[in-house]
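Here is a short report on selected sites in one model.

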Amino acid sequence: KAHARRGAALMAMARYADAAAAYESAFELEPRSAQLRGFLDEAREAAESAACDAAGATDWVARLNSRVHHSEYYDLSQDEEGAAQAYKEYGAALDSALSDLKDVISPVLRTGLKRAVVDVRSVAGCNSEKMLVAGTLRRTGKPVVVRLWHILTFFDWEGETAPDREQDEQVAKAMVDSSEAERGKLRKLMGCFHWTQLVPELAAETMASSGGGDERSEYPAIFCEAFDGTPLHELLDGTYGCGGEDERLPAPAQLQHDLSLIRAVALGCLKAMREAYANGLGFQRAAPEDKSPGGALFASTIEVSARHEVRLLD
């Protein structure tokens with residue numbers, strides 16, 4: 001217990017490497033203690049984060065923004081018919097740039113409160129203001145998807161330098177406001193089976209940092225549980241059956257599969273709506289212009305697992 005108390009005191013003093021050493025001594029005496037294992041992992045991650053700050057680790061998010069210009073894809077997205085394709089190409093370009101960066105660095109995101117580390121794997125998608133970063137919680141190995149508002153400056157948004165700092169501040173504030181509104185809705189939906197869920201232990205985290213030292217930046221972020229599903233629009237792009245263009249009648253097995261999918265999606269959406277209404281949230285038909293907290297939901301993506309479990313993303 002003395003080693004554990006010393007570790008806790010050293011953590012409070014931000015002497016993370018020393019705290020890790022103290023927890024290691026405690027864990028050697030009680031190797032079956034899950035609590036000590038957790039304290040030790042937290043101290044080690046905090047020590048690594050401090051070391052990265054000291055060494056000036058690369059802000060890989062800023063590097064992505066400099067390699068893939070948001071403004072090019074945002075302009076394309078203003079054409080309503082081409083918006084989905086524009087964001088698909090934007091996400092693919094970000095993921096490709098990340099893949100190139102991974103040849104020279106190991107991209108991670110760090111939280112402030114829990115000092116958790118997410119090892120970044122890929123960019124799973126994006127929209128006009130945030131990207132979905134797929135990764136793994138280092139401490140537990142749990143797969144997560146981080147909703148990261150990666151646009152912090154007027155230059156990130158428009159590809160041009162702002163004439164004054166006020167415009168940079170406006171962009172940064174808009175990203176924070178958007179993330180807070182989205183987090184507020186997801187908090188209301190915690191425990192609702194048919195909606196994307198926050199990672200419980202990281203539900204209070206509001207920012208994620210990238211890089212270290214002079215290159216360290218913080219980005220508004222939401223940490224969500226990963227769902228092993230496929231977007232519904234991709235399931236509807238088959239050669240025949242649901243959404244298919246082939247005029248041949250599908251085989252009985254394919255028809256049964258399609259009917260099962262239709263039933264699962266219909267029931268899943270109805271149950272999701274019921275869960276949302278029960279938690280004080282309504283729906284609207286189009287993407288929301290007003291992102292104020294407590295507003296209506298807009299289900300931008302429906303995902304379906306191999307077992308036909310349905311999740312909605314707002």
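## Terms and model

Buried means under 20% relative accessible area, exposed means over 50%, and partly exposed lies in between (1.4 Å probe, protein chains only). This is a predicted model, in which local features need pLDDT of at least 70, side-chain atom pairs count only at pLDDT 80 or more, and totals for chains, interfaces and linings use all residues. Residues are numbered from 1 along each chain as its sequence is written, and side-chain values use heavy atoms, with hydrogens and water left out.

## A loop position

A14 is partly exposed, because its relative accessible area is 43%. The residue sits in the loop between α1 (2-12) and α2 (16-29). Helices are DSSP runs of H or I with at least four residues; strands are runs of E with at least two. The C-alpha atoms of A14 and A46 are 8.6 Å apart, and 32 residues separate the two along the chain.

## A buried arginine

R147 belongs to strand β4 (residues 143-148). R147 is buried, because its relative accessible area is 5%. Its side chain makes a polar contact with the side chain of E182 (2.4 Å). A polar contact is a pair of N or O atoms within 3.5 Å; within protein, one must be able to donate a hydrogen and the other to accept it, and residues adjacent in sequence count only if both atoms are side-chain atoms.

## A partly exposed leucine

L267 is part of helix α10 (residues 252-278). L267 counts as partly exposed, because its relative accessibility is 33%.
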